[in-house]
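Biologist: I would like to learn how to read the features of a structure one at a time. Could you take me through them slowly?

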Amino acid sequence: MSLTNDDLQAIANIIQPIKEDVNSLKNEMHGVKEDVNSLKNEMHDVKVDVSNLKSDMHNMRTDMQNMKESIKNMEYDMSDMKYDIKDLRQRVTNVELTLENNTNRNIQLLAENHISLIDKLNESIKVSDKNLLLEVQVSGLRMRVDQLEKDVAEVRSNSKPA
C-alpha cells in the first residue's frame, strides 16, 4: 500500500487542524502554567502569613497566660487589701469607742475639776488682794508710828531740863 500525493495531502489537511489545536493547547497550557506558578507564589505567601498568624497566636496565648497570672495576683492583692480595710475599720471603731467612752469622759472630768480650781483660784486672788491691801496699810502705819516715835523722842529731848 503505497500512499499517493493526494493521500498525503489529505492526511496533511487532516493533521493541520490537529496541529493548530495542539499549538492552541500548548499556548493555553503555557497560560495555565503561569497561573499555577502564580498560585504557587500566592500559596507560599499564604503559608508565610499562616505561619506568622500561628506565631502571633502563640504570642497572644502567652500574653493571655501572663494576663491571667497578673489578674490572679491582683485578686490576691485585692483580697489582702479587703482584709486590711476590714482590720482598719475595726481599729477605727475601737478608737472611736475609746474616745467616746474614756477620753471624752476624762475630758469632762478635767473640765469639771478645772471649774473647781478656777473658783478656788478666784477666792485665793481675793484673799491675796486683801493681804496686799493690808500689807500696804501696815506699811503706812509703821511709817506713821516711826514718825510719831521720832516726834515723841524729840519732844522728850526738848522737855528735859538741862
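Biologist: Which residues form a nonpolar patch on the surface?

Modeller: In general, patches are made of residues with over 30% relative accessible area and no salt bridge, where like charges are joined within 9 Å and nonpolar side chains (Val, Leu, Ile, Met, Phe, Trp, Tyr) within 5 Å. A salt bridge here is a side-chain nitrogen of Lys or Arg within 4 Å of a carboxyl oxygen of Asp or Glu. In this predicted model, the nonpolar patch is formed by Leu 3, Leu 8, Ile 11 and Ile 15, which together have about 330 Å² of accessible area. Such areas come from the Shrake-Rupley method with a 1.4 Å probe, and for residues only the protein chains shown count as cover.

Biologist: Where is Leu 3 found, and how accessible is Leu 3?

Modeller: Leu 3 is found in the segment before α1, and its relative accessibility of 49% makes it partly exposed. The terms are these: buried means under 20% relative accessible area, exposed means over 50%, and partly exposed lies in between (1.4 Å probe, protein chains only).

Biologist: What should I know about the numbering and the values before we go on?

Modeller: Residues are numbered from 1 along each chain as its sequence is written, and side-chain values use heavy atoms, with hydrogens and water left out. As this is a predicted model, local features need pLDDT of at least 70 and side-chain atom pairs count only at pLDDT 80 or more, whereas totals for chains, interfaces and linings use all residues.

Biologist: How many helices and strands does the chain have?

Modeller: Helices (H or I, at least four residues) and strands (E, at least two) are DSSP runs, numbered from the N terminus. The chain comes to 1 helix and 0 strands, and helix α1 takes in residues 5-159.

Biologist: How does the radius of gyration of the chain stand against that of a compact globule?

Modeller: The radius is taken over C-alpha atoms, and the globule rule is 2.2 Å times the number of residues to the power 0.38. For 162 residues a compact globule would have a radius near 15 Å, but this chain has 65 Å. Along the principal axes, its C-alpha atoms fill a box of roughly 220 × 45 × 20 Å.

Biologist: Which pairs of residues show me distances along the chain and in space?

Modeller: Lys 160, in the segment after α1, is 115 residues from Asp 45 in sequence and 154 Å from it in space, C-alpha to C-alpha. Leu 117 lies in helix α1, and its C-alpha atom is separated by 100 Å from that of Asp 45, 72 residues away along the chain.

Biologist: Are Lys 160 and Leu 117 buried or exposed?

Modeller: Lys 160 is exposed because its relative accessible area is 61%, and Leu 117 counts as exposed at 55%. Over the whole chain, 0% of the 162 residues count as buried.

Biologist: Which residues gather in a patch of negative charge?

Modeller: Lys and Arg count as positive and Asp and Glu as negative, while His and the chain ends are not counted. The patch gathers Asp 77, Asp 80, Asp 84 and Asp 87 on the surface. Asp 77 lies in helix α1 and is partly exposed, at 45% relative accessible area.

Key:
The place of a charge is taken as NZ of Lys, CZ of Arg, CG of Asp or CD of Glu.
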